[in-house]
Amino acid sequence: MIAEKPVWVKHEGLQIFSIDVQPNGERFATGGGDHKVRIWNMKSVDTDLQNLDPKERLLATLRDHFGSVNCVRWAKHGRYVASGSDDQVIQIHERKPGSGTTEFGSGEPPDVENWKAVMTLRGHTADVVDINWSPDDSMLASGSLDNTVHIWNMRSGICTTVLRAHLSLVKGVTWDPIGTFIASQSDDKTVIIWRTSDWSLAHRTVGHWEKSLGSTFFRRLGWSPCGHFITTTHGYQKPRHSAPVLERGEWSAAFDFLGHNAPIIVVKFNHSMFKRTTSSAPETKRAGWSNGTSKSGGKDLQPYNVIAIGSQDRTITVWTTASPRPLFVAKHFFGQSVVDLSWSPDGYSLFACSLDGTVAMIHFNPTELGVRLTDNELEELKKNRYGDVRGRQANLVESPAQLLLETVSTKLSGSKRAASDVQQNQVITKPSVNVENTAKKRKSQVDDRNKGAEATGDTLNKASTSNRVSNPVNQKVYRRPDGRKRIIPEAVGVPQQENNIAVNGQSHNFLPAPSAAPGNRDSGDTPVETSNRDSSMKEIMGRNPDLKERPRITARATITESLVIEKVPGTSGNDGILNVEQSVGIKGSSSTDLLIRVFDWKEGETTAPVCLEACPKEHALDTVGAVSTSMIKETEISCKRSGETLWSDRIMGRVTVLAGNPNFWAVGCEDGSLQVYTKCGRRAMPTMMMGSAATFIDSDDSWKLLLVTRKGSIYVWDLFNRKCILHDSLASLVSSDTKLSSTVAGTIKVISVKLSKSGSPLVVLATRHAFLFDTSLMCWLRVADDCFPSSNFSSSWNLGSAPCGELAGLQVDVRKYMARKPGWNRITDDGMQTRAHLESQLASSLALESPSEYRQCLLAYVRFLAREADESRLREVCESFLGPPTGMAEAATSDTNLSWDPYVLGVKKHKLLRNDILPAMASNRKVQRLLNEFMDLLSEYENTEPADAIPKGSAPTIDCGGVPSSLDQMDSDPPAVTATTPLTIDNEKQVSLGNSAALETGIVCEETGSEDQEKHDQNSRDQGS
Amino acid sequence: MSSINITNVTVLDNPAPFVNPFQFEISYECLTSLKDDLEWKLIYVGSAEDETSDQLLESVLVGPVNVGNYRFVLQADSPDPSKIREEDIIGVTVLLLTCSYMDQEFIRVGYYVNNDYDDEQLREEPPTKVLIDKVQRNILTDKPRVTKFPINFHPEDEQTGGDGPPPAEPFDDTDVNGEALVLLEQPEKLQET
């Protein structure tokens, strides 16, 4: 035995949390407290090659993590190394061609090898502590401080399953080498065995961990290569710490490895089994449990396992399952706890790392450990015991359609990026002369400068400058229509063709201004900025998105923060009467002017906005002999366009709200009156009396006016028809809210009330809960709330990101608000919350009539159900999108109660089912039977669907080769969504070919369509190399 | 993982007179293509104590962002001396080069900059009024301070890890039918068919 401590393996002196040897034995990886993963050259620890160039020792430093790296694990094929970190993500690294780089500014020499992160697995909501690859490398299991084990599909990088049963931090995961189970160990002092077939809990074991004391960094348990034992960590049997061993099948603690003086952190079985060569080997009496095989047969030739155990007591012990005493005890190697171990592929070297920031290697020889079984012998042994294991390692595909849909599914998730690539490929750019010129000018400028610099003879820079002259940067610079400078960088070390693509890409976005679409974000914003002079008008800026979303005409009302609607219980003797109280926030509108602007897009963008302004005027009135008022409050209403007054009027009392659109104006006063003006300032109606002051007002693009009074009444009128559409009260929101919030009973704070895009009143309370009034149900629906704080789904709304839908906007508000509250604690989700959240999101987006969000939610929901393999819900969803059975459709339509609407928010349900739901379901093979069933059903439907859905232009063809022609048609199709999609046509054409053929055609079509894109991908890959 | 790594920054024309424009040749590698442009900014820290005296010298968009290695020259005007307190012009200050994606800053490179007179005599006895034309600027290029921030470059990939929603997409056939429709798609036409 030779032991060594290579001092050069270090992570800036910080802890080394993990070590793993590449299965081909060429490298080993370490992960440390410096947030880095380092890859080391095995040759440098080879006893024969000690004199290797020190520069070749460290092959790469991977700096992709933003937290301590707790675990590094090589895939069995050795191509990838996965690392889990405190930053909650798992990074997958791969060696790319070419030489390594260094991080700019790190001051370290460039890496010898070019290792790059190729995949990031996001999903854990706390530190990732232990990870392990499945025996066939198709999956990865990760244990985290969020109490879960995640199972990741390593082909797609999608988390397929979340295992939730541990009640505390999960600190170790291990795979059954046979592939049937995984085991996880947690701070809840249990070990759980999970079935990999359906991810159900096979056994929860309580054992000798119960009495364990103190906490450990890890509980890295290990599964023996024979598959029979699981050695666990951190057990305690008075008076010693132990490593309890579970036996397969019973899953009960069979025996313990005893003797360590502190908790055991890690155990690691040797990859292979060993056997004695000679009977003269020091053989003590055999323990009865040896390894679960029959005890007959050559006693000494019985193969046994070799296991290494690392403990907080800073020692490592190595045992064989053929002996009750440790083979070897390594003391004084480390100054702190041993935290990870790894065996070399040949089985004779053990690598260990410690929190003291060092590693140690111990090389054994066959006389010490025995003779290693060959791989074939081990396979044979496993086969004898478990049968052929290969079939068990994956959920087998039962139909080719599943595979096809899986491809679609992965493409769906990757489609966004692909789409942008495609865009770049497709656009034929007309690089405007300007661009070219600027670029040229710029280049010459740069060159000039270089010459200048050279002329000065500055020695410091000479080398780099001359270098640059020989190789000037070939970049293109131009100004975008919005005045921002944009640079198309020079691609370095890539084929010229790629460069061209880069130049072409996306420039269609930046064509000269006149071609920019109306409603362009920039032109839309400009007038608004000028209107910001009024101090009370902060809201205007905040409401910009509305401008975009209402295409033609927009009205803006002043919305004041923190109006208090107060319910006064019984003071006036009337129960349930609502009072609206204005808090300090509005600071008396008497002193501030109210102002709104209306943009009328009909008249072209050049038109200046029309402003409606309300200025309070106070006249001192000396009433003769008057006792009371000496002041009369009046408000002057004036309507202006770029300084020129269009009309004006004077109203008694203080104006609280204004609203307007190009059809009408509405002015609400403190005394509860509401005046409606026509466009030109005629009083369209006598003053309407609302009973209490108007606090919120909104109008849509045409004739709808929404009003909320201080007493909490809500009205919606259609002013064109002079009809009240809705009269209700906010009372129901008050009562529901008092339960939730600790505010004074009967008070709610309302932030905004407006008409949603679908035209229903939408109320946002100060709690950021949003409510939508459903006019058919005649009641309030809560569409956004904070009921699901730990839902995985909610964590994915990114705050303040690019423009999102209406619902997302509300959600983000809720989250921002929640985030401000201190004392947020990490609650782990049991999956229930995520599901409920998704379901309510789905319903909410439907209520808000926000189709894109509806589809998003639907996709996420179906993916979630597929992942959880929730068949009954999936079935219900699919059925609702499939509709009543064929043949009964006609009968059903006559029955009004059961009539099934084939469209949802204007999109055909079958299309959603085929294009979104089914591919999403394909992500988990566990639900493939269900998937197949619905694919069959769906194609049946399509076969029976009336032929008139086919546009006249497309001649039906049976031939699969007819796809290109339909592609042409697709290209010429307008993007507007129609009831019939090209894909539908294809499927309908294939009637006689049967289901699977129809499906294939669909896929073929898709793939043909993305051929360019794939080429492009190929290019990018080439470029990457 | 960060989709973008700076591989090198070469400061061109350094040292140079204070009034000369800044020029940085920036090389970066891109590991995954991004939809949006990168935004590079150059910020001159006018005074160490006061953030408000920072001057944004230049902000450029760089794209398209495809996989590969790229380089470009970022040129920026010299800071406006009138916005810097007299006593802060001469001496050591900081120049920040930052890069953001979708308004999220993910990398920041800080350089020390030393401003001093190139004339020995002026150095010895600095005039009461700063002679800006005589000030020489020296960026200490060998010690950049690099700070990285974790951001999610592919928010739409959230679904891979949890149940995140796919990117905001309209109802259309982009997913399955390929490029033609993607191309024609205009924001106004998205919703409510």
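Which side chain does A:E113 meet in a salt bridge?

**View 1. A:E113 and A:R95 form a salt bridge.** The N to O distance here is 3.2 Å; a salt bridge needs a side-chain nitrogen of Lys or Arg within 4 Å of a carboxyl oxygen of Asp or Glu. A:E113 sits in strand 9 (residues 113-121) and A:R95 in strand 8 (residues 90-99) of chain A, so the pair ties together parts 18 residues apart in sequence. Strands are DSSP runs (E, at least two residues), numbered from the N terminus. A:E113 is buried, with a relative accessible area of 9%, while A:R95 is partly exposed at 39% (buried is under 20%, exposed over 50%, partly exposed in between, with a 1.4 Å probe and protein chains only).

This is a predicted model, in which local features need pLDDT of at least 70 and side-chain atom pairs count only at pLDDT 80 or more, while totals for chains, interfaces and linings use all residues. Residues are numbered from 1 along each chain as its sequence is written, chains are lettered from A and ligands numbered from 1 in the order in which they are written, and side-chain values use heavy atoms, leaving out hydrogens and water.

**View 2. A:R484 reaches B:E39 in a salt bridge.** Their closest N and O atoms are 2.7 Å apart. A:R484 lies in the loop between strand 31 (476-479) and strand 32 (485-488) of chain A, and B:E39 in strand 4 (residues 38-45) of chain B, so the pair joins two chains. A:R484 is partly exposed at 25%; B:E39 is buried at 12%.

**View 3. B:E87 pairs with B:R85 in a salt bridge.** Here the closest N and O atoms are 3.5 Å apart. B:E87 is exposed, at 54% relative accessibility, and B:R85 partly exposed, at 44%.

Methods: Helices (H or I, at least four residues) and strands (E, at least two) are DSSP runs, numbered from the N terminus.
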